Amino acid sequence: MKQITVTKNEAGQRADKLLAKYLKEAPKSFLYKMMRKKNIVLNGKKMQGNEILQVGDELKLFLADETVEKFQGSMPGEAGQGRAGGAKSGETLPDSKKLPVLYEDDDIVLLNKPVGMLSQKAQPQDISAVEYLLAHLLENGSLTREQLRSFRPSVCNRLDRNTTGILIAGKSLVGLQTMSELLRDRSVHKYYCCIVKGKMEGTQHLKGYLVKDGTANQVRVSRELPKNEEAQPIETKYRVIASDGNLTLLEVLLLTGRSHQIRAHLSSIGHPILGDPKYGDPGLNVRYKSRGVKHQLLHAWRLEFPDVKGELSYLSGKTFTAPLPGIFLKLFPQLKSD
């Protein structure tokens, strides 16, 4: 017999949804049959599956251990599971030390994503920041493999593979829900640093429309609303931090969070990000490659939290910063003394 005691991370969902996570390989027909036969009960009583779970509820599974193991499938981090990513073949979690932690509490983790790492899987075999996050939580005892059967922490925002900086992750259900809501309503301010072509001065509030080209996985920016095309309005603010006459270091505030927005918006005004293979200046990228520029110099630098309601109110007004990568300091050495 297996018993599941509902915690705050499982509460608020239908009982059949939780069972489907816990016995992820079991057909739905099997789960409902076991409920009808009272082989799976809720708080000692027959259940329908549509009950909304509360903290402290108890699900009891009167099933053979072999049956439970068969339908649970493999677990993230279990030894001898083969390649990473497959739900049926298991996951091999990576070395968590490759993803530095900037801040952590009971509900959220702020991570400093390095260049080359995916925020989330694009293909089943990928190893992304999510897998590094799970490895970290398992290692520090914040999470057990058993808890992973019913709740999976994850990152809440995405950065391009070659964009560095702050990733927000939820450790608990309330953490995931609160961070996702703050990102959705754009009340949390996300500041980026980037190095762009040419000399720029002052501050600017850019507005325009972004048009996607799904075939090329690129976007383009129009100042006016295009006719006969689907376009999304975009807004980007920037201020100059430093310039050497050839390059400029900008702080960028993302007001709308569209795919490739900063990269395409700055390129559209003649100041593409250094090292950007899609929207950059190929000649400039080649010249700076010998100085160590091998990817777009875009860094998710700072988060400023608004007045946060509810259980995460302790984050209200707090600011978190991810240190600038070394290549930024190499190209603008005066920043080292700031």
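## Aromatic pairs

Y103 and F320 are both buried (under 20% relative accessible area counts as buried, over 50% as exposed and in between as partly exposed, using a 1.4 Å probe and protein chains only). This is a predicted model, in which local features need pLDDT of at least 70 and side-chain atom pairs count only at pLDDT 80 or more, while totals for chains, interfaces and linings use all residues. Residues are numbered from 1 along each chain as its sequence is written, and side-chain values use heavy atoms, with hydrogens and water left out.

There are three aromatic pairs in the structure (rings of Phe, Tyr and Trp, the last by its six-membered ring, pair if their centres lie within 6.5 Å; planes under 30 degrees apart are stacked, over 60 edge-to-face, and the rest tilted). Take F30 and F71: with ring centres 4.7 Å apart and planes at 50°, the pair is tilted. F30 sits in helix α2 (residues 28–36) and F71 in helix α3 (residues 65–72), so here the pair links distant parts of the chain, 41 residues apart (helices, H or I of at least four residues, and strands, E of at least two, are DSSP runs numbered from the N terminus). Both F30 and F71 are buried. Y103 and F320 make a tilted pair as well, at 4.7 Å centre to centre and 45° between the planes. Y103 belongs to strand β4 (residues 101–104) and F320 to strand β14 (residues 319–321), so this pair ties together parts 217 residues apart in sequence.

What about strand β7 (residues 164–170)? Seven of its seven residues are buried, so the rest of the structure largely encloses β7.

β7 has several partners (two strands pair if DSSP finds at least two bridges between them). With strand β5 (residues 108–113), β7 pairs in the antiparallel sense over six bridges, and N112 has I166 as its bridge partner in β7. Strand β6 (residues 154–155) is also antiparallel to β7, over two bridges; here S154 stands opposite G170. Strand β13 (residues 298–304) runs parallel to β7, joined by two bridges, with G165 opposite A300.

## Two nonpolar cores

How many residues does the largest nonpolar core have? It has 33 (a core being a set of buried Ala, Val, Leu, Ile, Met, Phe, Trp, Tyr and Cys residues joined through side-chain atoms within 4.5 Å). The residues with the most contacts inside this core are L111, Y192, C194, L250, V252, I262 and L266. At least two core residues each come from β5, α4 (129–140), β7, β8 (189–197), β12 (247–254), α6 (261–268) and β13. Helix α4 gives the largest share, eight residues.

L266 is worth a click: leaving out residues up to four places away in sequence, L266 touches C194, V196, L206, Y238, L250, V252, H271, P272 and I273 (contact means heavy atoms within 4.5 Å). There is also a second, separate core of 22 residues, including L31, I40, L59 and L63.

## Salt bridges around R263 and elsewhere

The structure holds 16 salt bridges (a side-chain nitrogen of Lys or Arg within 4 Å of a carboxyl oxygen of Asp or Glu). One of them joins R263 and D160 at 2.8 Å, N to O. That pair links distant parts of the chain, with R263 in helix α6 and D160 in the loop between β6 and β7, 103 residues apart. R263 is buried at 5% relative accessible area, whereas D160 is partly exposed at 26%.

R263 also meets D276 in a salt bridge, again 2.8 Å from N to O. D276 lies in the loop between α6 and α7 (282–289) and R263 in helix α6, so the pair ties together parts 13 residues apart in sequence. D276 is buried, with a relative accessible area of 0%.

Elsewhere, E229 and R220 form a salt bridge at 2.5 Å, N to O. E229 is partly exposed at 36% relative accessibility, and R220 is partly exposed too, at 40%.

R239, E251, R302 and E304 are linked in a network of salt bridges.
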